[in-house]
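The notes follow the order in which I went through them.

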Amino acid sequence: MYARVLTASLLGLECEKVWAEANVERGLMSFSIVGLANQSIRESKERIRSAITNCGFNFPDTRITVNLTSAGMKKEGSHFDLAIALGVLISSGNLEENIDLDGIAFLGELTLDGKIDPIDGALPMIIGLREAGVKNVVIPMANAKEAELVHDINILVTEHLSEVIDYISGNNALKKVDNSSKQIKAFGSDIYDFADIKGQAIVKRAAQIAAAGFHGMLMIGPPGVGKSMVGKRIPGIMPPLSYNQQLEVTQIYSIAGLLSENNPVILDRPFRSPHHSMSAAAMIGGGIHITPGEVSLAHNGVLFLDELPEFHSGVLDTLRQPLENGEVTISRAVGTITYPSKFMLVAAMNPCRCGYYGDPTHKCVCTETDRLKYVSRVSGPLLDRIDLHITMQRPKYNELNSKDKEISSKDLRAGVNAAFEIQKERFKGLNISYNSQLEPSMIKEFCHLDNECLKLMETAFNQFNLSARSYHRIIKIARTIADIDESKEIQKEHVLEALNYRLPEQFFK
């Protein structure tokens, strides 16, 4: 007897419909799975055998062949278990042969006693099935929360194979996921508040500009000045994620297996702070299953690299493509996958190995050669792609003990949100959201400079030997500053302020 059950295959964020075809016929007892299935699928035979037996059914002692279509597409993952088990039950005569399963997809990993465990990548598979015209999908109960983000598809949840058998036999109904309303979390968590940082008015202003225009930022200063504190607080002043952005980020975390019962949906801006000992594959993604790397896990959020020169130069250079293109393409034997990676790079570093070059209170013990060797670990092309470069100094005693109220994250967020709304209106209908994403061809249209500003930029270009990229980035920063000030046109003071946020060249010469 023959049966087929609909499921799905995932490669990166791309989902394809897959039919699990099962055929039971006379012959020596065997159980074969074909269709370019990987090891995790081939091992499912023993899980399926035990699950069916523990649900009270007789496992067929004949020849069983399961084909995952299309046979030319590589498949991996344990989520095929449920569909294969149902196909075997129907084709073996344990269930009625005429059960109509058209339009219903099944996703789930089976345990030996028939329970259905959560799976990685449930969200992108549900979205892919919906786009392919599938109206119903059955998923594990543990994946229900992330599935609430997907609308216009009927999502049913289950915890055991016996429940699914009763459902397709018409004996009971499965619980339906309430996905009728869009989830947008009320924003305003101030666990990390800029008010905790004493002084440092310049870097707080720079952080506001960076958050408003999604500009990268590099902080240079001696140990203990608050570089890490600033980095941790930047996500708290950024605009809240939109529904589509929540969907994008949660899909990435679902594929990476980073969703949990306590954190089933990503509702706030991601903040990733990897250790400097990481590999290039961990940064951009890769491995046997081509999982997302840090640049994709930080999508729509902040990638904070503390102690920047301590990262391997090869790892840092992998950032150049995603910083420019907003995506990263990974090629392996199993295929080529593209993950989104529109992140805001925030980095921190000491001015030298000992950390005290230029510090008025501590003597630097590094030689000039050692210092230049240290800072040269960060390549010029990468520095050129970071918009704002801020020099931080040690706060004074009276600043640390001042009773004056410091500017808070809430105050900074107000300026960021105002600038964000201006940008949203400005770029309506375009495939960009922030000033930092402006292409050179768009700068004349959206970043008009009067004669005074042009003269100022000409002087800066010649005096500081700016690259074309640096020149355009300064103009985009000036546009963001004007947006924070709610100024329609870029003024001279906006350009002057933008010029101040450039490379502190005394540290790199």
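I began with disulfides, taking one to be a pair of cysteine sulfur atoms within 2.5 Å, and by this rule the count comes to zero. The model is a predicted one, in which local features need pLDDT of at least 70 and side-chain atom pairs count only at pLDDT 80 or more, while totals for chains, interfaces and linings use all residues. I number residues from 1 along each chain as its sequence is written, and my side-chain values use heavy atoms, with hydrogens and water left out.

For C447 I looked up the closest cysteine sulfur, which belongs to C453 and lies 11 Å away, too far for a bond. I then checked burial, where buried means under 20% relative accessible area, exposed means over 50%, and partly exposed is in between (1.4 Å probe, protein chains only). C447 is buried at 4% relative accessibility, and C55 also counts as buried, with a relative accessible area of 19%.

Next I searched the whole structure for aromatic pairs, and I found six. My rule pairs rings of Phe, Tyr and Trp (its six-membered ring) if their centres lie within 6.5 Å, and it calls planes under 30 degrees apart stacked, over 60 edge-to-face and the rest tilted.

One of the pairs joins F31 and F59, tilted, at 5.7 Å centre to centre with 45 degrees between the planes. Which parts does this pair tie together? F31 lies in strand 3 (residues 30-34) and F59 in the loop between helix 2 (44-54) and strand 4 (63-69), so the contact links parts that are 28 residues apart in sequence. For these elements I used DSSP runs numbered from the N terminus, with helices as H or I of at least four residues and strands as E of at least two. F31 is buried at 7% relative accessibility, and F59 is buried at 15%.

I also noted F420 and Y434, a tilted pair at 6.0 Å centre to centre with 40 degrees between the planes. F420 lies in helix 17 (residues 409-426) and Y434 in the loop between helix 17 and helix 18 (440-446), so this pair ties together parts 14 residues apart in sequence. F420 is buried at 16% and Y434 at 3%, and F214 forms one aromatic cluster with these two.

Last, I looked for charges over rings, meaning NZ of Lys or CZ of Arg within 6 Å of the ring centre and within 35 degrees of the ring normal. R4 lies over the face of W19, 3.7 Å from the ring centre, and the charged end of R371 sits over the ring of Y357, 4.2 Å from its centre.
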